[in-house]
Amino acid sequence: MSEESGREITGMMVYYAKVCERKLWLFTHYIELEDESELVAIGAAIDENSFRREQHNISMLPGISADFIGANGIVHEVKKGKSIPEADRAQLLFYLYRLDKAGFPETKGILHYMENHSTEEVRLTAEARKEIEGIMDKIHECMASAEPPPYVKKRMCLKCAYYELCAI
């Protein structure tokens with residue numbers, strides 16, 4: 001749990017930390033606009049309709065809501081496409097990091113990209129552990145900050161649920 005805010009770091013925060021610092025700040029300060037996003041709704045539908053035999057949205061520990069847990073405890077995340085693969089990977093690594101800290105070492109994960117029917121295996125290495133710890137430090141700093149970072153225009157901004165709040 002974050003000492004600064006009393007709020008648990010989540011996989012979504014890790015994802016946002018890789019996507020946009022301003023979006024992360026808004027989200028960590030309880031400005032949540034994703035419920036109104038058509039793209040988020042499409043992603044949720046893909047998640048719900050993929051791998052129908054699996055139980056979805058598994059909350060294993062606070063801050064972790066994996067899409068599903070498969071055979072041998074493999075953590076699965078389902079994504080529409082590979083638009084931001086480094087953020088997808090960081091989110092899954094965060095889940096593996098938290099599981100490792102909770103006594104489940106050597107758990108692996110699989111990212112499923114539905115648009116091109118590809119998968120990527122993800123494992124928590126020493127290098128990945130350092131990356132996640134750095135992202136968590138960044139999230140703690142963001143939570144403690146009273147002011148949002150400045151708006152930085154990126155190619156993904158037009159599709160973002162926060163676009164009107166940031167850019168207009």
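Reader: At roughly what angle do the axes of α1 and α5 cross?

Author: Some conventions come first. This is a predicted model, in which local features need pLDDT of at least 70 and side-chain atom pairs count only at pLDDT 80 or more, while totals for chains, interfaces and linings use all residues. Residues are numbered from 1 along each chain as its sequence is written, and side-chain values use heavy atoms, with hydrogens and water left out.

Author: Two packed helices are described by the angle between their axes and the distance between the axes. Here the axes of α1 and α5 come within 10 Å and cross at roughly 90°, which makes α1 roughly perpendicular to α5. Roughly perpendicular covers 65 to 115 degrees; under 35 degrees counts as roughly parallel, over 145 as roughly antiparallel, and the rest as oblique. The axes are lines fitted to C-alpha atoms, for helices over the stretch in contact, with angles from 0 to 180 degrees between N-to-C directions. Helices (H or I, at least four residues) and strands (E, at least two) are DSSP runs, numbered from the N terminus.

Reader: Which residues make the contact between α1 and α5?

Author: Contact means heavy atoms within 4.5 Å. From α1 the contributors are M13, V14, A17 and K18, and from α5 they are E131, I135, K138, I139 and M143.

Reader: How many of the nine residues of α1 are buried?

Author: Buried means under 20% relative accessible area, exposed over 50%, and partly exposed in between (1.4 Å probe, protein chains only). Seven of the nine residues of α1 are buried, so this helix is largely enclosed by the rest of the structure. They are G11, M13, V14, Y15, Y16, A17 and V19. Their cover includes α2 (21-28), β4, α4 and α5.

Reader: What salt bridge do the side chains of E131 and K18 form, and at what N to O distance?

Author: Side chains of opposite charge can pair when their charged atoms come close. A salt bridge is a side-chain nitrogen of Lys or Arg within 4 Å of a carboxyl oxygen of Asp or Glu. By this rule there are nine salt bridges. E131 and K18 form one of them, at 3.6 Å from N to O. This pair links distant parts of the chain, with E131 in helix α5 (residues 126-144) and K18 in helix α1 (residues 11-19), 113 residues apart. E131 is partly exposed at 25% relative accessibility, and K18 is partly exposed at 32%. K18, R89 and E131 are linked in a network of salt bridges.

Reader: With which residue does D100 form a salt bridge?

Author: D100 pairs with R129, the closest N and O atoms being 3.0 Å apart. D100 lies in helix α4 (residues 85-101) and R129 in helix α5, so the pair ties together parts 29 residues apart in sequence.

Reader: In what order do the four strands of the open sheet lie?

Author: Two strands pair if DSSP finds at least two bridges between them. The order is β3-β4-β5-β6, with mixed pairing. The edge strands, β3 (68-69) and β6, each pair on one side only.
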